[in-house]
Amino acid sequence: MLDRSHIAWRGAPLALASALLFGASVPLAKPLLNELGPWLLAGLLYLGSGLGLAALELFRRLFRGRSPEAPLRRADLKWLALATVSGGLVGPVLLMTGLAVTKASTAALLLNLEGLATMAIAWIVFRENVDRRLLIGAFAILAGAILLSWQAGAAGFGFGALAIAGACVAWGIDNNLTRKISGSSPVQIAMVKGLVAGTVNVAISFWIGAKPVSWAILGAAGSIGFLGYGVSLVLFVLGLRHLGTARTSAYFSTAPFMGAAIAIAMFHEPLTVRLLIAALLMGVGVYFHLTEVHQHEHTHDALEHEHRHVHDEHHQHSHAADDPKGEPHTHWHQHSPLTHAHPHYPDLHHRHRH
């Protein structure tokens, strides 16, 4: 019988589902571009995600009571603010600046740099563990994404291309900063990001000349944003919690393939050899990640934090009288120092140096 502790069965489906929803948002939103323009559409997608998740959060509080997820705390706000500025404000501004002077084929190719930037920052700055198998898998996935985006005659690598590359770096920073707070409620994280980024980008779009549009168009953009940006980000944050940034980002890099496959089904586009090769490369990359085994003796330092958990080997602590009784639950708890060996990933409890 397959030992599920040796593979990423918890985080991988979350990251892949996140990629599916985000990838689907591209062909679904494409018909709205003529009505809205790229900047207003981006703002409405973000705003739709924030408003939709706010409605879900309100419903939960009214009818379901206390959440098993840890709420955002004051200490989280600086990381959330930095992530929102980097990914929700700086990234879109750089992207729109670059798109204005860059060919679409070049832009599509360059947008795949987000996955590479995220992984590079995770490995170099935040010292996430990386080995040969993980690198091979990550670059196989990225190779498939680049192949899928490539169009003959792509050119124009200048200021616009640098701006788009800068947007990808901004989103890579956003992804790594979000990992810092991935133990908190993913709905609250995605909601705040969507509301702030959406409001600012919609305001900017009208400031530069956007025109009012019909309620039907607004509803369509908001619905796509809720699923493709909001729910997708919630799943991405949950993936970060289980897998760390680099691995989650590698799975998320399958989004271009997901979008292309949906576009074929929606618009009856031809099934090309390039798409099949990209699918094969991504499949190989996902296989290398799913079958990764990382095990060694490691030490957990004393730690106090709050997040959703059950009482497994990492959570052997006593409860106060007012702590929740059922599992999973969330409350502030302390981890005593512990040394042991088992298969693991850079999740909330395994962010140690190697």
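So, which side chain makes a polar contact with the side chain of Thr118? It's Asn175, at 3.0 Å; a polar contact here is a pair of N or O atoms within 3.5 Å, where within protein one must be able to donate a hydrogen and the other to accept it, and residues adjacent in sequence count only if both atoms are side-chain atoms.

Quick housekeeping: this is a predicted model, with local features needing pLDDT of at least 70 and side-chain atom pairs counting only at pLDDT 80 or more, while totals for chains, interfaces and linings use all residues. Residues are numbered from 1 along each chain as its sequence is written, and side-chain values use heavy atoms, with hydrogens and water left out.

Back to Thr118. You'll find Thr118 in helix α6, residues 113–124 (helices are DSSP runs of H or I, at least four residues, numbered from the N terminus). Thr118 is buried, at 0% relative accessible area; buried means under 20%, exposed over 50%, partly exposed in between, with a 1.4 Å probe and protein chains only. Beyond its neighbours within four places in sequence, Thr118 has contacts including Trp171, Gly172 and Thr245, contact being heavy atoms within 4.5 Å.

Now, the loop between α9 and α10. Gly209 sits there, and Gly209 is partly exposed, with a relative accessible area of 41%.

Last one: Leu53. Leaving out residues up to four places away in sequence, Leu53 touches Val187, Ala190, Met191, Phe226, Gly230 and Val234.

Technical notes:
Helix = DSSP H or I, 4+ residues; strand = E, 2+ residues; numbered from the N terminus.
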